[in-house]
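Please open the structure in your viewer and keep the selection panel at hand.

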Amino acid sequence: MKTYILLTSIMALWGLNVSIIKILISYFPPVSITSLRILTAGITVFLILSMMGKVRKPSLREVWYIVFGGLLSVVSHHLFLAIGLTGTSAVNGGLILGAGPLLTAILSSILLRHKPSGIQVLGFLLGGAGVTFIVLSGNKGISSLTPGDFFVFLSILSQALSFIVISKASKTLDPRLLTGYMLIFGGLILFVMSGMMEPGGLKGITGAPAYVWAAFAASAVLATAVGHMVYNTAIRNIGPAEASIFLNLNTFFSLAGSALILGEVITINHLLGLVLIVGGVISGSGALEELVLRKRRKENSKYFQKDLSK
């Protein structure tokens, strides 16, 4: 249950982080500031783990996991998402991103031979329905498919595959340390790419107001560093498909962040979508089954104690 509470808290952080990133890219080129944010997060992870005495050199096998995980989770996911969202509607992008947990469940079934239960399948469907309900509550409807939609799909495919890699790598490598290595590796790749895509992108970087740097620090340290450390640990503890179902909460929390930070409006339709998402998270994450099992154990324990007293 502790893992579920932590994941919900991280989803709230990531949802608020969407509004923070909107602030950052209004002052800096997107790829350049993203690479700097991810590198800062990676350094933060290593500082935290150094104080805990958890830093060590990875084995050759673990290096391959770091490389593939960094390319998928950091480079491909962020790059394809940035390209895709500039070439599609917000509705299409939101709906495609909402399919991420279901895609992760499918890949887990195929690659990890992890078959979800009927209750979990219902949870994935409820979560997807909740995301759809919230996204379609906007003013714009679904537009025809564009090349941008394909890049958004590649973004969530990369992310889903990275969850599989993280699940395998965390059998021997602490997922928190794996997070640090992936962030540093992926951040360096993005930094090199930003130099080619956005020449001189970080010139005049010191001219941003203090509140922008405060937003940058919160995004890098809390959302990216701590957030990914907790999330990747949850992948090891409860599985990639079960952890991914919590991503559906991002849709609502990003709306809440927009309302708090950017002054946007939350409607009754958004709240109804949240109800579906929460129902999906409780079912799809395995929390509902865990509660049922606990109740049965308590009942069996009571019956057992009664039999002993006779």
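A salt bridge is a side-chain nitrogen of Lys or Arg within 4 Å of a carboxyl oxygen of Asp or Glu. By that definition, the structure, which is a predicted model, holds two salt bridges.

**The whole protein**

Begin with a cartoon view of the entire chain. The protein contains 13 helices and zero strands. Followed from the N terminus, the order of elements is therefore written as α-α-α-α-α-α-α-α-α-α-α-α-α. Now display the surface: of the 310 residues in the protein, 46% are buried. Consider also the contacts with a separation of 6 or more: residues 24 or more positions apart account for 90% of them.

**Helices α1 and α9**

Select residues 2-25, which form helix α1, and then residues 210-238, which form helix α9. The axes of α1 and α9 come within 9 Å and cross at roughly 145 degrees. In this crossing, α1 passes α9 in a left-handed manner. Which classes of residue make up the contact of α1 with α9? The contact comprises 22 nonpolar residues and six polar ones, with no charged residues.

**Helices α7 and α9**

Angles of 65 to 115 degrees count as roughly perpendicular, so α7 is roughly perpendicular to α9. The crossing of α7 past α9 is right-handed. Show the side chains that make the contact: Phe163, Ile166 and Ser167 belong to α7, while Tyr231, Asn232 and Ile235 belong to α9. By class, four of the residues in this contact are nonpolar, two are polar and none is charged.

**The salt bridges**

Select arginine 56 and glutamate 62, which form a salt bridge whose closest N and O atoms are 2.9 Å apart. Which of the labels buried, partly exposed or exposed applies to arginine 56? With a relative accessibility of 35%, arginine 56 counts as partly exposed.

Finally, select arginine 176 and aspartate 174. These residues form a salt bridge, with 2.8 Å between the closest N and O atoms. Arginine 176 has a relative accessible area of 23%, so this residue is partly exposed.

Notes. Residues numbered from 1 in each chain as written. Predicted model: local features only at pLDDT ≥ 70, side-chain atom pairs only at ≥ 80, totals over all residues. Heavy atoms only, no water. Axes fitted to C-alpha atoms, helices over the stretch in contact; angles between N-to-C directions. Helix = DSSP H or I, 4+ residues; strand = E, 2+ residues; numbered from the N terminus. Parallel < 35°, antiparallel > 145°, perpendicular 65-115°, else oblique. Left-handed = near helix turned anticlockwise from the far one by under 90°. Contact = heavy atoms within 4.5 Å. Nonpolar A, V, L, I, M, F, W, Y, C, P; charged D, E, K, R; others polar. Buried < 20%, exposed > 50% of the residue type's maximum accessible area, 1.4 Å probe, protein only.
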